[in-house]
Amino acid sequence: MTPADILEALTEVRDPEIPVLNIVEMGIVRDVRLENDTVHVDITPTYTGCPAMRTIESEIVRTLQARGFQQVVVHKVFREPWTTDWMTDEAREKLRAYGIAPPPPRAEEAPDLIPLPFFVERNEPSVPCPFCGSEQTRQTSAFGSTACKALFFCEACRQPFEYFKPL
Amino acid sequence: MNLETLDTAIRPALFEYLLRLGDDALILGHRLSEWCGHGPYLEEDIALANLALDCLGHAEALLTLAGQVEGEGRTADDLAFLRDAYEFRNAQMVELPRGDFAFTIVRQFLFATYACLLYEALQQSVFEPLAGIAAKALKEMRYHLRHSREWIRCLGDGTEESHRRTQNALDELWMYTGELFEVDDTLQTLTQAHIAPDMTALYSAWNAQVMTTLQEATLTVPENPPYMATGGRRGHHTEHLGYLLAEMQFLQRAYPGAKW
């Protein structure tokens, strides 16, 4: 097996919080090395406190052991810090189909979320609704059910939805 | 410079420094987590829980690294759950009880302003693992700063009651800010080795940023504070830390080695 095959095998590992995405297309897997009989996998957390990381680590080990690798070592690396820019276009489309508005292609250029939506003049990022595509949406909270998401509401189809924050 | 190429002579000071950074994040994270289910409204409850989680994430990364630098095989969990109060190195500011919402927000603002500047500077640390954690943590702390800064403006320049509570919180907290910028032998050693930043420059930037926001919020800092709290970095804490640890460490103390 080559590192490319190992990477292919790792596409079976899903993010438990967003099960439509695998860890490779999310950009969580940073490097795979085969040294003697040991596989080294470098992963980087999306957020430092993401509770899904432990599950992801053990799933990586389980998946590769099922392919016959007895020695699997997962390293957590912080450099370069994870950015939503590493998400593939395919991953973004999967997110949208799942009902989560994907982050814009370049996080640097994305307008900031509004910390407290009810106190300030509205000049907020336009985030298209993942359900109906309307741009008549508003932010309801900069923080959501997980560290990586914010809450929005679509005025056109009256649906609340989540937005994957640009980071 | 990484873990392998680290000079042995500098390890004790670096271990000490990483405990300070990690313990600040851990204890502040715990205080924030106490709001879970008690936030003033649902979105804010979620926001505070999110901030708490970020802090715990920073704490885990920093304490893991501390354990590696120490080289005695201690994990982040060992350091978090099996040390007593006198072994903690957090600044006293973060261990104070969560108080009312204004108190929590003022503390978060004062600390996040400091942490953003610190992590920004630490990205240039010659000790690469620390620079990496700083780069990651900075991205998250910026959210904290924007959140608490916006709140300070709303609360300070809000109703009579919100102004009073926020001003009271600032009056109470101000004497705990000095400790964040204290320089001792440990820090001096690391600054000379280009592992830690120069705190004098950091303090000037912090002061300027804090003053600008407080002015917008119509708040004033206590003039000539008679005393600045100190001691946390040497393991001297307020009585509040013991109670916090009693709750946070209960499970590991009652059932040593218990795993989730």
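Reader: Hi! In chain B, what share of the contacts with a separation of 6 or more comes from residues 24 or more positions apart?
Author: Hello! In this predicted model, residues 24 or more positions apart account for 77% of those contacts in chain B.

Reader: And what's the figure for chain A?
Author: For chain A, 53% of the contacts with a separation of 6 or more are between residues 24 or more positions apart.

Reader: Thanks. How many helices and strands does chain B have?
Author: Chain B has eleven helices and zero strands. Along the sequence the pattern is α-α-α-α-α-α-α-α-α-α-α.

Reader: Why call chain B as compact as a globular protein of that length?
Author: The globule rule gives 18 Å for 260 residues, and the radius of gyration of chain B is 18 Å, so chain B is as compact as a globular protein of that length. Its C-alpha trace spans about 55 × 45 × 35 Å along the principal axes, and buried residues make up 45% of the chain.

Reader: Let's zoom in on two helices. How do α5 and α7 of chain B cross?
Author: Helix α5 (residues 101–122) and helix α7 (residues 160–173) of chain B have axes that come within 8 Å and cross at roughly 50 degrees. That angle makes α5(B) oblique to α7(B).

Reader: Is that crossing left-handed or right-handed?
Author: Right-handed, for α5(B) passing α7(B).

Reader: Which residues make the contact?
Author: From α5(B) there are Ala102(B), Phe103(B), Val106(B), Arg107(B) and Leu110(B). Helix α7(B) brings Ser162(B), Arg165(B), Thr166(B), Ala169(B), Leu170(B) and Leu173(B). By class, the residues of this contact are seven nonpolar, two polar and two charged.

Reader: Switching to chain A, what's it built from?
Author: Chain A has three helices and nine strands. From the N terminus on, its elements run α-β-β-β-β-α-β-α-β-β-β-β. The C-alpha trace of chain A spans about 60 × 25 × 25 Å along its principal axes, and 37% of its 167 residues count as buried.

Reader: Now the place where the chains meet. How many residues does each give?
Author: Chain B gives 22 residues to the contact and chain A gives 16 residues.

Reader: Which elements of chain B give two or more residues there?
Author: On the side of chain B that touches chain A, those are α2 (42–70) and α6 (128–156) of chain B. The largest share of that side, twelve residues, comes from α6(B).

Reader: One last thing: what classes of residue are on that side of chain B?
Author: There are ten nonpolar, five polar and seven charged residues on the side of chain B that touches chain A.

Technical notes: Residues are numbered from 1 along each chain as its sequence is written. Chains are lettered from A and ligands numbered from 1 in the order in which they are written. This is a predicted model: local features need pLDDT of at least 70, side-chain atom pairs count only at pLDDT 80 or more; totals for chains, interfaces and linings use all residues. Two residues are in contact if their C-beta atoms, placed from the backbone, lie within 7 Å. Helices (H or I, at least four residues) and strands (E, at least two) are DSSP runs, numbered from the N terminus. Ala, Val, Leu, Ile, Met, Phe, Trp, Tyr, Cys and Pro count as nonpolar, Asp, Glu, Lys and Arg as charged, and the others, Gly among them, as polar. The radius of gyration is taken over C-alpha atoms; the globule rule is 2.2 Å times the number of residues to the power 0.38. A residue is buried if 20 or more other C-beta atoms lie within 10 Å of its own, exposed if 12 or fewer, and partly exposed in between; C-beta atoms are placed from the backbone. Axes are lines fitted to C-alpha atoms, for helices over the stretch in contact, and angles run from 0 to 180 degrees between N-to-C directions. Angles under 35 degrees count as roughly parallel, over 145 as roughly antiparallel, 65 to 115 as roughly perpendicular and the rest as oblique. A crossing is left-handed if the near helix is turned anticlockwise from the far one by less than a right angle, and right-handed if clockwise.
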